[in-house]
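Please look over the structure below before reading on.

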Amino acid sequence: LTFFSYNKGMKKRRGYTFIEVLVVVAIIILVAALGSNVFQTVQSHTALRSTTGSIMEALRIARQQSMASLNDSRHGIYLDSEKYVIFQGATYDPNDAKNILYKLDNFIEISDIDLAGSDEVVFQKITGAPSQAGTFKIRLISSPTVAETIQILSSGQVQISDEAETPSARVTDTRHVHLDMGSIKNRQTLTFIFHEPYKADS
């Protein structure tokens, strides 16, 4: 089967064969399919980063609420493969009406939870220290290697795991001393002794 076209003088031109038409159509379909796959990949990666940011923000909110002793209670986050929950109290109660539940997109999951065998983290009042430090991943179900790892530090701060600083990368000042609230909160008087008295420039 061959398609022909004619000019005004009815002079026959070379037409397009059916095979050529099929090849063009196939190329168009292939380009459209590739474009759709690229779009879906970009969309899923964007959703993964957005979900990671939302979970990190939820952890920060729970910590801030604990540090402020909101409702005279501790607050925490419960993690599940399909959801995460901000809760109030020393442990997660699925029947608590004050729970704030967030469902994940159906192509994203929470996995590899490494929180000392627990699937929740609770922050202490005042200090904001977590019940346990550790990590967990947010990943694409269809591509498990495409993932973000959230790290909860012993201080209660949260970060993406690959943002962690190594000791050699940090500038430290040995003159600074860390004071633990637990050791000073019941004291009425604090005495500081400086072994190297300050000397004013002459």
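Strands β3 and β4 make up a hairpin, and three residues lie between them. The model is predicted, so local features need pLDDT of at least 70 and side-chain atom pairs count only at pLDDT 80 or more, while totals for chains, interfaces and linings use all residues. Residues are numbered from 1 along each chain as its sequence is written, and side-chain values use heavy atoms, with hydrogens and water left out. Strands are DSSP runs of E with at least two residues, helices are runs of H or I with at least four, and both are numbered from the N terminus.

Strand β3 covers residues 75–79 and runs antiparallel to β4, joined to it by five bridges; two strands pair if DSSP finds at least two bridges between them. Within this pairing, histidine 75 is opposite glutamine 88 of β4. β4 also pairs with strand β5 (residues 100–103), again antiparallel, through four bridges. There, isoleucine 86 has isoleucine 100 in β5 as its bridge partner.

Why is β4 largely enclosed by the rest of the structure? Six of the six residues of this strand, 83–88, are buried, where buried means under 20% relative accessible area, exposed over 50%, and partly exposed in between, with a 1.4 Å probe and protein chains only. In a regular strand, side chains alternate between the two faces of the sheet. In β4, Lys83, Val85 and Phe87 are buried on one side, and Tyr84, Ile86 and Gln88 are buried on the other.

The helix α1 spans residues 18–67 and contains leucine 22. Leucine 22 is partly exposed, at 41% relative accessible area.
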